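I opened my notebook for a friendly walk through this chain. Here is what I looked up, entry by entry.

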Amino acid sequence: MAKIGIIGGSGLGDALCGDAASCKRHNVPTPFGDPSDAILETRWGGTTVFLLNRHGPGHLIGPSDVNYRANIYALKALGCTHVIASGAVGSLREEIQPKDLVIPDQIIDKTHRRVPTFFDRALAVHVELAAPFCPVLQRHLAACAAASSTAPTQWVAPTRVHVGGTYVCMEGPGFSTRAESEMHRAWGASLIGMTAAPEFKLAREAELAYALLCLPSDYDCWRPAPNDLSKQELLKEIIGNLTQATANAMALIRQAVARFDEIATIPSPAHSALELAIWTRRDMIVPAQRQHLGVLLEKYV
């Protein structure tokens, strides 16, 4: 049975988990430490969803310090089969305006302080990542967005949803220099953010169908801000953009969940990602490692 994990980033995390009193709380211990917060279980329509605030309550956890392994492992342990993740981003393209939504299909990982795999000792596992996001889940989000565009009441304000584009994941926590921003544009990237990696890689290793919904709040620094705005006014504008994008992202995710039966039985390539990825001989995987990895390996060993 399909179960959906929803990971909320800046803005959306608090919005998702705002009605915590009506949810069942799961404090899930993992071999990789504690997740960012308790995972909240609820029902949207007839579908079970598990909500996780990536940055924790009060946004206490910076992007480099998120325990991505614990977050993904916990969702897997709770039986999730699919994950819809969100994140605030800067736009690297004129046509992707603040307050739009974006469903990217590629990613460039520039992070260097984060552990990018569950399989970092006593086991060789190499998953395919040419298509880093689940195409089935992406198409579903795109279809729901197209339906919403013909029903404006779905949105808190008119918005556009862009399907496709490359997300650059930088380490942070500082933002890009102007030269870096122009370099990312020269690479052909569309978005810059700090949280999609290694989350997407770990989701693939956990055989979770994973798609990303991005919330542009500004134009990064390649496009200078208007001179007539003070720093305080500019920050207020960025927060306003993120607030509107958050509300529209919530509407789209809720519709995707409400219509999830349309894809619930369609296999995702991610659901068999480890089938050919485990290069270590099964009989040489030590029992302690099998126990350590738990739900990640149980299907295969």
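**Entry: Gln291**
I began with Gln291, which is exposed at a relative accessible area of 68%. I am reading a predicted model here, so every value below is computed from that model. Gln291 lies in helix H7. I then checked a distance across the chain: the C-alpha atoms of Gln291 and Pro31 are separated by 9.3 Å, although the two residues are 260 residues apart along the chain.

**Entry: the nonpolar cores**
Next I asked myself which residues have the most contacts inside the largest nonpolar core. I found Phe118, Phe119 and Tyr167, in a core of 47 residues. I then looked up the elements that give two or more residues to this core: strand E4 (47-53), helix H2 (68-77), strand E5 (82-91), strand E9 (166-169), helix H5 (199-205) and strand E11 (209-218). The largest share, 5 residues, comes from H2.
Leaving aside neighbours within four places in sequence, Phe119 is in contact with Val125, Glu205, Leu274, Leu293, Leu296 and Leu297. Apart from this core I noted another one, of 31 residues, with Cys134, Leu141, Ala142 and Phe260 among them. A reminder to myself: in soluble globular proteins, nonpolar side chains tend to be buried together.

**Entry: helix H2**
Is H2 mostly covered or mostly open? I found it mostly covered, with 9 of its 10 residues buried. The buried residues include Tyr68, Ile72, Tyr73 and Leu75, and Arg69, Asn71 and Lys76 are also on the list. What do the buried residues of H2 pack against? I listed strand E1 (4-8), strand E3 (39-44), E4, E5, H5 and helix H7 (287-293). Just after H2, I noted that Gly79 takes a positive phi of about 95 degrees.

**Entry: E5 and E11**
I turned to the strands and found that E5 and E11 run parallel, joined by 9 bridges. In this pairing, Val89 stands opposite Pro216 in E11. E11 is mostly covered, and 9 of its 10 residues are buried.

Which residues are joined by cis peptide bonds? I placed Pro173 in the loop between E9 and helix H4 (178-186). Another cis bond joins Ala197 and Pro198, where omega is about 5 degrees. Pro198 is found in the loop between strand E10 (191-193) and H5.
Lys99 has a phi near 85 degrees, and its place is in the loop between E5 and strand E6 (101-103). Glu207 has a positive phi of about 60 degrees and is found in the loop between H5 and E11.
Are these two residues buried or exposed? Lys99 is partly exposed, with a relative accessible area of 29%. Glu207 has a relative accessible area of 6%, so I count Glu207 as buried, given that the cut-off for buried is under 20%.

Notes. Residues numbered from 1 in each chain as written. Predicted model: local features only at pLDDT ≥ 70, side-chain atom pairs only at ≥ 80, totals over all residues. Heavy atoms only, no water. Core = buried A, V, L, I, M, F, W, Y, C linked by side-chain atoms within 4.5 Å. Buried < 20%, exposed > 50% of the residue type's maximum accessible area, 1.4 Å probe, protein only. Helix = DSSP H or I, 4+ residues; strand = E, 2+ residues; numbered from the N terminus. Contact = heavy atoms within 4.5 Å. Pairing = 2+ DSSP bridges.
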